[in-house]
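Please read it alongside the sequence and coordinates.

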Amino acid sequence: MTAQAALIRRDIRIAVRVGGGALIGVLFFLTVVVLMPFAVGPDLALLTRLGPAILWLGALLASLLTLDRLFMADHEDGSLDLIVMSRTPLELACATKALAHWMAAGLPLIVATPVLGLLLNLDTRSTAAVALTLLAGTPSLTFTGMIGAALAVTLHRGGLLLAVLVLPLSIPVLIFGVAASQAAISGLSFGAPFSILCALSLVSFVVGPFAAAASLRHGLD
Amino acid sequence: MIKRNCNLEPIACEANRDYQEAMTLIDLANPSKFLSLTARVLPWLAAVTAIVLAIGLYQSATAPDDYQQGATVKIMFVHVPNAWLSMLVWGVMSLAALGTLVWRHPLADVAAKAAAPIGAAFTFLALVTGSLWGRPMWGTYWEWDARLTSVLILFLMYLGLIALWRAVEDPSRAARAAAVLTLVGAINLPIIKFSVDWWNTLHQPASVMRLGGPTLDRAFLVPLLMMAAAFSLLFVTLLLAAMRNEILRRRLRSLQMMQARAFSSEVDAGSREKTVPFGAA
């Protein structure tokens with residue numbers, strides 16, 4: 001357990017220090033949301049209607065953007081080899097790394113959501129609904145994205161390949177995340193889509209670490 | 001004496017003047033001299049800032065209410081100076097960027113780095129006070145008006161610039177990258193200024209700085225200018241203090257690097273002492 005705590009502390013410290021990219025994700029999120037009104041026009045009623053979808057797309061892209069640092073930096077300085085060779089099961093180490101990554105890069109996105117909701121003219125209830133669904137859904141984005149990050153690092157290709165690999169996997173989360181927030185806003189049944197969203201997250205907690213560990217084990221020589 | 005030289009040899013005189021200018025720049029560029037100078041100037045500057053700010057706040061508090069907007073017009077005395085400074089700070093950073101790229105002035109990148117968070121804070125305050133002002137006036141905290149939006153873009157650019165400073169560990173390499181970005185960003189400043197005339201939508205048009213004199217009443221103009229002076233003084237004070245911190249931080253960094261280098265060369269020497277007899281044997 002101490003090994004996991006140490007790994008989490010180390011990853012978060014690297015992410016927030018000079019050269020780490022955790023807060024750039026939030027800045028990207030903000031920029032994407034600001035760009036949307038330029039595309040659809042400054043119509044506040046329209047932006048209110050599109051708000052949850054815009055926020056979800058922005059969060060999805062922002063969490064994707066920071067994912068390629070999940071294994072790449074460790075691979076470059078050799079600490080990934082140490083993690084692979086250590087006595088801790090690789091699956092557990094992967095889950096720990098993903099958790100640390102979500103705490104450093106995912107949580108700030110949720111914290112920024114109320115401010116962005118203000119820009120999109122969402123009321124308190126809608127903003128709370130989007131923040132809640134993001135809280136339930138972004139861990140799933142990180143844990144499924146980790147599979148793509150592990151594949152990309154073993155193939156020595158980052159960036160676009162990662163995006164192409166991960167984006168199709170995140171479609172269910174996007175569907176049920178936006179559905180749950182729209183249901184909460186319009187007063188329809190919130191429980192069903194939100195439960196499915198939570199279930200998707202839980203499944204990704206199980207599948208993500210195993211798939212990532214397997215691809216790391218077979219890919220790294 | 002210089003005049004007589006000028007008559008005889010104009011070219012030499014030009015060179016002489018250049019040389020003298022360079023001398024003053026070099027004098028200013030010495031970080032130790034800068035530190036001792038600012039140590040003497042800063043307390044006085046801070047005191048003057050506090051006094052001017054107090055006068056400005058008193059004047060804004062006693063200014064009459066607007067016949068249309070009521071007491072909320074007083075937000076203007078904080079909002080407008082912040083908005084002006086958000087642009088002025090980028091201008092200062094652009095000059096510093098020129099200093100970094102063209103003259104290689106050693107303090108230019110220190111000034112640019114120190115100014116970025118201060119400018120971001122002014123821009124953020126301008127956005128927040130503007131949105132607090134907009135709530136009673138327009139009935140919404142945020143409106144995608146051209147001027148508001150371009151200030152928001154300015155804020156994003158400040159944040160991006162700070163992120164760039166933080167992304168590169170070596171300060172001098174980061175300085176050149178940030179200088180290029182700052183100069184590119186300076187293109188945004190005139191767009192903000194003239195966006196009011198281009199897309200005259202919801203935000204009221206510029207009423208202080210325009211041809212044909214200000215339309216603002218004297219009762220509002222005097223406190224506003226006083227507050228603008230106070231905020232400018234505040235900026236200079238904060239900038240000098242932040243530059244001092246940055247210089248000291250860099251000294252600390254280079255001392256740590258020297259220490260690490262001395263340590264590693266010691267270790268190298270130690271290992272060589274061990275290996276050489278082994279190789280000789």
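The model is predicted: local features need pLDDT of at least 70, side-chain atom pairs count only at pLDDT 80 or more, and totals for chains, interfaces and linings use all residues. Residues are numbered from 1 along each chain as its sequence is written, and chains are lettered from A and ligands numbered from 1 in the order in which they are written.

Chain B contains nine helices and zero strands, where helices (H or I, at least four residues) and strands (E, at least two) are DSSP runs numbered from the N terminus. Along the sequence this gives the pattern α-α-α-α-α-α-α-α-α. Of the 281 residues in chain B, 26% are buried; a residue is buried if 20 or more other C-beta atoms, placed from the backbone, lie within 10 Å of its own, exposed if 12 or fewer, and partly exposed in between. Among the contacts in chain B with a separation of 6 or more, 76% join residues 24 or more positions apart. Two residues are in contact if their C-beta atoms, placed from the backbone, lie within 7 Å.

Twelve residues of chain B are in contact with twelve residues of chain A. On the chain B side, eight of these residues are nonpolar, two polar and two charged. In this classification Ala, Val, Leu, Ile, Met, Phe, Trp, Tyr, Cys and Pro count as nonpolar, Asp, Glu, Lys and Arg as charged, and the others, Gly among them, as polar.

**Helix pairs**

Two packed helices are described by the angle between their axes and the distance between the axes. Axes are lines fitted to C-alpha atoms, for helices over the stretch in contact, and angles run from 0 to 180 degrees between N-to-C directions.

| Helix pair | Angle | Axis distance |
|---|---|---|
| Helix 4 (residues 76-103) and helix 7 (residues 171-185) of chain B | about 135 degrees | 8 Å |
| Helix 3 (residues 44-67) and helix 7 of chain A | about 30 degrees | 9 Å |
| Helix 3 and helix 6 of chain A | roughly 150 degrees | within 11 Å |

Angles under 35 degrees count as roughly parallel, over 145 as roughly antiparallel, 65 to 115 as roughly perpendicular and the rest as oblique. At about 135 degrees, helix 4 of chain B is therefore oblique to helix 7 of chain B. Their crossing is left-handed; a crossing is left-handed if the near helix is turned anticlockwise from the far one by less than a right angle, and right-handed if clockwise. Residues of helix 4 of chain B in this contact include B:Trp90 and B:Met93, and those of helix 7 of chain B include B:Ala175 and B:Arg176. By class, the contact has seven nonpolar, four polar and one charged residues.

In chain A, helix 3 packs at about 30 degrees to helix 7 and is therefore roughly parallel to helix 7. The crossing of helix 3 and helix 7 of chain A is right-handed. Among the residues that meet are A:Gly51, A:Leu55 and A:Ala59 in helix 3 and A:Gly145, A:Gly148 and A:Ala149 in helix 7 of chain A. Ten residues of this contact are nonpolar, seven polar and none charged.

Helix 3 and helix 6 of chain A are roughly antiparallel to each other, and their crossing is right-handed.

A nonpolar core is a set of buried Ala, Val, Leu, Ile, Met, Phe, Trp, Tyr and Cys residues joined through C-beta atoms within 7 Å. The largest has 66 residues, and A:Phe29, A:Ala59, A:Ala149 and A:Ala150 are among those with the most contacts inside it. Helix 7 (residues 124-154) of chain A gives the most to this core, with 14 residues. A second, separate core of 48 residues includes B:Ala112, B:Phe155, B:Leu159 and B:Leu161.

Not counting residues up to four places away in sequence, A:Ala150 touches A:Phe71, A:Ala212, A:Ser215 and A:Leu216. A:Ser215 is found in helix 10 (residues 191-219) of chain A and counts as buried because it has 21 C-beta neighbours inside 10 Å. With the same exclusion, A:Ser215 touches A:Ile147, A:Ala150, A:Leu151 and A:Thr154.

**Positive phi in two loops**

Most residues other than glycine have a negative phi. A:Asn121, in the loop between helix 6 (90-119) and helix 7 of chain A, has a positive phi of about 65 degrees and is buried, with 20 other C-beta atoms within 10 Å. B:Arg104, in the loop between helix 4 and helix 5 (108-138) of chain B, has a positive phi near 50 degrees and is exposed, with 12 other C-beta atoms within 10 Å.
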